[in-house]
Amino acid sequence: MTTLTPQKPAIPQPGGDVTPAPEPRPTPEPRPAQEPAWRELVDAVREAGQYPTRSEAESVTRVVLSALGGHVVGDERVDLARALPEEAARVVASQIPATRSLTAAEFVDSVAARIEGATPATARWDVSSVLSVLPSLVGDELVTRILDQLPPGYALLFGRAELTPAA
């Protein structure tokens, strides 16, 4: 049995010599450029959460913003997306609104379910690491409006005291 192997095309050279054509180089996949504002957000989360790598901070940021995106609706969701870096806005805006509100503890549990190996304690750390950097990025007024929309208990996740009216 004879096996045929493809021949490389020959390139004629001056003087009659023939050299094989060079091997084509694989074209590297273009890596999307990260916008500076997204990098700054991830760096702020990395610092707040003391994550050892940027990659870990970025992953946590995506998961938490994705979870939040399903629970913030209406004008607050639109305003949040407008205030965030483009990449973060896409993560928030791409979520289907949740069919029921989650308590803060349920929200943390839902994040824990999305992160491999997470516990409720580590997920709370992750959620707080991301949400606590949002006020300086999107403004206190918008965070207040978001908190007004969410069930009690979320303020602590955003790094705020949970104030209750006096009886």
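## A tour of helix packing and salt bridges

Start at R145, which is partly exposed at 22% relative accessibility. The model is predicted.

D79 and R145 form a salt bridge, with the closest N and O atoms 2.6 Å apart. The pair links distant parts of the chain: D79 sits in helix α3 (residues 74-83) and R145 in helix α8 (residues 140-149), 66 residues apart. D79 is also partly exposed, with a relative accessible area of 24%.

Next, select R62 and E87. Their side chains meet in a salt bridge of 2.6 Å, N to O. R62 belongs to helix α2 and E87 to helix α4 (residues 86-93), so the bridge ties together parts 25 residues apart in sequence. R62 is partly exposed, at 28% relative accessible area.

Stay in α4 and pick R90 and E86. This salt bridge spans 2.8 Å, N to O. The two residues are four apart, about one turn of the helix. R90 is partly exposed at 44%. The structure holds eleven salt bridges.

Turn to helix α6 (residues 120-131) and show helix α2 (residues 54-69). Their axes come within 9 Å and cross at roughly 85°, which makes α2 roughly perpendicular to α6. Select V60, T61, V64, L65 and L68 in α2; they meet D126, V127, V130 and L131 in α6. This contact has seven nonpolar, one polar and one charged residues.

Finish with helix α1 (residues 36-49). α1 packs on α6 at about 135°, axes 8 Å apart, and is therefore oblique to α6. The crossing is right-handed. Here V45, A48 and G49 of α1 meet W125, S129 and V130 of α6. Four of the contact residues are nonpolar, two polar and none charged.

Technical notes. Residues numbered from 1 in each chain as written. Predicted model: local features only at pLDDT ≥ 70, side-chain atom pairs only at ≥ 80, totals over all residues. Heavy atoms only, no water. Axes fitted to C-alpha atoms, helices over the stretch in contact; angles between N-to-C directions. Parallel < 35°, antiparallel > 145°, perpendicular 65-115°, else oblique. Contact = heavy atoms within 4.5 Å. Nonpolar A, V, L, I, M, F, W, Y, C, P; charged D, E, K, R; others polar. Left-handed = near helix turned anticlockwise from the far one by under 90°. Salt bridge = Lys/Arg side-chain N within 4 Å of Asp/Glu carboxyl O. Buried < 20%, exposed > 50% of the residue type's maximum accessible area, 1.4 Å probe, protein only.
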